[in-house]
Amino acid sequence: MLVDSSLGQVVTLGARRGVQDVPTPAAGQAVLKDVLAGQPFDAAVTGFVVACLPRSKAPVLWVQDRKSRLENGRVYGPALRGVTLLRVEVSHPRDVLWAMEEGAACAGLSAVVGEVHGAPPALDFTASKRLAMRAEATGIPVWLIRSGEEGGLSAARERWRISSLPSARHPHNAAAPGTALWEAELFRARGRAPGTWVASHDADARQDADRLRFLPRSGDGSLAEDRGTAAHAAG
């Protein structure tokens, strides 16, 4: 398995399709995207969504229910580079969904992020469908972080599961942690096959498209037997 960084493609020796596009969650793509935590109390899901947010003078609406705050904590807005947060804290998941729908209709926002814990009755397929339709109608990207949930029905156009990995090697100090690495599994998407990648965030990248980087996960066997799910990623 080889990566051609200049073309943004994965060349796979053992796959049915020889060349696959590496998926990049476009910051400005106006669709609903679900992001699930791979395990409880894993901050990777928050870091992944923050890395995907557009750099814009327009603020991002970030809404949390009470249980999400207890498990994931609060995002520290002043530490984010190029992102201005409007944080809203509510008690019930239905209030998160209401605020997200209203935010997705606001042209003054660059994106909407909502956090809902578990699988409450308020977050059924119909509710996710409303969010998806609102995002596509108004052109506002919407992210729904779902912690403590395995992945029930959803109308999201993309569904990701994010887990923490050991950090990369520090370039100057072997005893210090390097760049954070995440396992990013795309387990459902419209017009795209599933895949699993190692993702990292480069905050110093000049172009937004270069901030979030994906590398295919390699298997344990030979190249011909490599079963890394990045082999099946479709553009």
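Visitor: Which residues of H1 are buried?

Guide: They are Ala-44, Val-45, Thr-46, Phe-48, Val-49, Val-50, Ala-51 and Cys-52. Buried means under 20% relative accessible area, exposed over 50%, and partly exposed in between (1.4 Å probe, protein chains only). Eight of the nine residues of H1 are buried, so helix H1 is mostly covered. This is a predicted model, in which local features need pLDDT of at least 70 and side-chain atom pairs count only at pLDDT 80 or more, while totals for chains, interfaces and linings use all residues. Residues are numbered from 1 along each chain as its sequence is written, and side-chain values use heavy atoms, with hydrogens and water left out.

Visitor: Where is Phe-41?

Guide: Look in the loop between E4 and H1. Phe-41 is exposed, with a relative accessible area of 63%, and has a positive phi of about 60° although it is not a glycine.

Visitor: In what order do the strands of the sheet lie?

Guide: Two strands pair if DSSP finds at least two bridges between them. Here nine strands form an open sheet with mixed pairing, in the order E6-E5-E7-E8-E4-E9-E10-E11-E12. At the edges are E6 (85-89) and E12 (212-216), each pairing on one side only. On average, neighbouring strands are turned by 25° against each other, direction ignored.

Visitor: How many bridges join E9 to E10?

Guide: Eight bridges link E9 (158-165) with E10 (181-189), and the two run antiparallel. Opposite Leu-165 you will find Leu-181, and Arg-159 stands opposite Arg-188. E10 is also joined to E11 by six bridges, again antiparallel, with Trp-182 opposite Ala-199. E10 and E11 make a hairpin with five residues between them, and Gly-191 in the turn has a positive phi of about 75°.

Visitor: Which residues does Glu-183 touch?

Guide: Contact means heavy atoms within 4.5 Å. Glu-183, in strand E10, touches Arg-161, Ile-162, Ser-163, Leu-165, Thr-196, Trp-197 and Arg-217, leaving aside residues up to four places away in sequence. Glu-183 and Arg-217 are 34 residues apart in sequence, with their C-alpha atoms 8.7 Å apart in space. At 23% relative accessibility, Glu-183 counts as partly exposed.

Visitor: What do the buried residues of H3 pack against?

Guide: Their partners are E5 (60-64), E7 (111-117), H4 (125-138) and E8 (142-147). Among the buried residues of H3 are Pro-93, Val-96 and Leu-97.

Visitor: At what angle do H3 and H4 pack?

Guide: The angle is about 15°, with the axes 9 Å apart. Angles under 35 degrees count as roughly parallel, over 145 as roughly antiparallel, 65 to 115 as roughly perpendicular and the rest as oblique. H3 and H4 are therefore roughly parallel to each other. Leu-97, Met-100, Glu-101, Glu-102 and Ala-104 in H3 meet Ala-127, Arg-130, Leu-131, Arg-134 and Thr-138 in H4.

Note on methods. Helix = DSSP H or I, 4+ residues; strand = E, 2+ residues; numbered from the N terminus. Axes fitted to C-alpha atoms, helices over the stretch in contact; angles between N-to-C directions.
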